[in-house]
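Subject: Model handover

Hello,

I am passing this structure on to you. Please open it first, then read my notes below.

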Amino acid sequence: MLDVLGLEPDDERVYRTLVGQPNSTATLLSDLLAVPRAHVDKTLSRLVEWGLVIGSADERFTAAPPAMAFGALIAQRREGLRMAEQALVTLAEEHRAAMTGNSINDLIEVVTGRDAIRHRFLQVQQAARTQVRSFITAPFLAVPPDENTAEPMAIGRGVHFRAVLDRAVLAEPGIITDAIDSLRNGVQLRVTDQLPMKLVLADADLGLVPLAVTPAGEPGAVLLHRSGLLDALDALFETVWRTANPLELSATGTEAETTVALGAEDPTDLDRRILALLLAGLTDQTTAAQLGLSQRTLHRRLRHLMDMAGVRTRMQLGGHAVRHGWAAPPVPN
């Protein structure tokens, strides 16, 4: 766990042992950890030098208070990361300047194979400083949404995510759970009937466009640097985004509700999720499957909602739901 601060596994073992066994000698530590005394001596020397361990005149050692000892190391790491980020900004600007006027081969990189595409997909998101935009279509050739480890890390840095989903994606197994997790994390999602391609954009600097599978069976992609073609994809995303429908799902529960209070005056969380999926264009069968319901339960909930709204048809219910915000996430108390 402490390797992120530069400690080796043996350093951490010795320090943790001293936390529970203060005033220990090197010989005692050697016995407790079952490692040679010479090895313990070298480890203690490093820990004393870093200020993590305090030695006494009688050659006994005690762990320095963790908050004090590691607080300093964490502060140093933060400062180092801040300086690295500043250097990255400078290098990025130098790279952009160097790329200006370069040949087409310098602006477009062909990527072949699932592993290579996955690597570039994660790198593009890691390179983003302000925003990541994407078109999501099925099937997922290299990185399914639940394996996109770069997204939460980028969100933690303050990067803003927007994504447009092809409507067919909503029928993929588990996609609704992934969408709810993304919405919880602040990702903006919209849905459109059909997307022209898969696409990932990092700021206005990088774009990854997965291509069809080659005759040999390997997927391919192109990585685009800043260029007129990248500008066109930027404009395409914004055009599609403006016309797509926002996807708003209730995300307050981890499992679909199976029972509801029929006397409720407002839609339950499950009702809101049903309405959101149906308004997004999913069929009754797909909606029921995504929420873990039987179609009979789904129809019973819709009948109840129609009674609550005082309407007779599904179309009227949809209009009422939109006007009264029934398909939006509930407002926290």
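The notes cover confidence, then a sheet, then helix packing.

This is a predicted model, so to speak of local features pLDDT of at least 70 is needed, side-chain atom pairs count only at pLDDT 80 or more, and totals for chains, interfaces and linings use all residues. Residues are numbered from 1 along each chain as its sequence is written, and side-chain values use heavy atoms, with hydrogens and water left out.

Confidence
Mean pLDDT (the predictor's confidence in each residue, from 0 to 100) is 79 for the protein, and 80% of its residues reach 70 or more. Strand S5 (residues 131–136) has the highest confidence, at a mean of 93. Helix H5 (residues 104–107) has the lowest, at 55. Helices (H or I, at least four residues) and strands (E, at least two) are DSSP runs, numbered from the N terminus. Over residues 250–264 the pLDDT is below 50. That stretch still has 29 contacts (heavy atoms within 4.5 Å) beyond near neighbours in sequence. Where pLDDT is low, the predicted coordinates should not be read in detail.

Sheet
Three strands form an open sheet, in the order S1-S3-S2, with antiparallel pairing (at least two DSSP bridges between two strands). S1 (24–25) and S2 (53–55) are at the edges with a single partner strand each, so one side of each has no neighbour in the sheet. Two bridges join S1 to S3 (residues 60–63) in the antiparallel sense. Ser 24 has Phe 61 of S3 as its bridge partner.

Helix packing
Axes are lines fitted to C-alpha atoms, for helices over the stretch in contact, and angles run from 0 to 180 degrees between N-to-C directions. H10 (residues 269–279) packs on H11 (residues 284–291) at about 140 degrees, with axes 10 Å apart. Among the contact residues are Leu 270 and Ile 274 of H10, and Thr 287 and Leu 291 of H11.

H10 also packs on H12 (residues 295–309), at about 95 degrees, with axes 11 Å apart. That makes the two roughly perpendicular. The contact uses Asp 271, Ile 274, Leu 275 and Leu 278 of H10, with Leu 298, Arg 301, Leu 302 and Leu 305 of H12.

Best regards

Terms used: Parallel < 35°, antiparallel > 145°, perpendicular 65-115°, else oblique.
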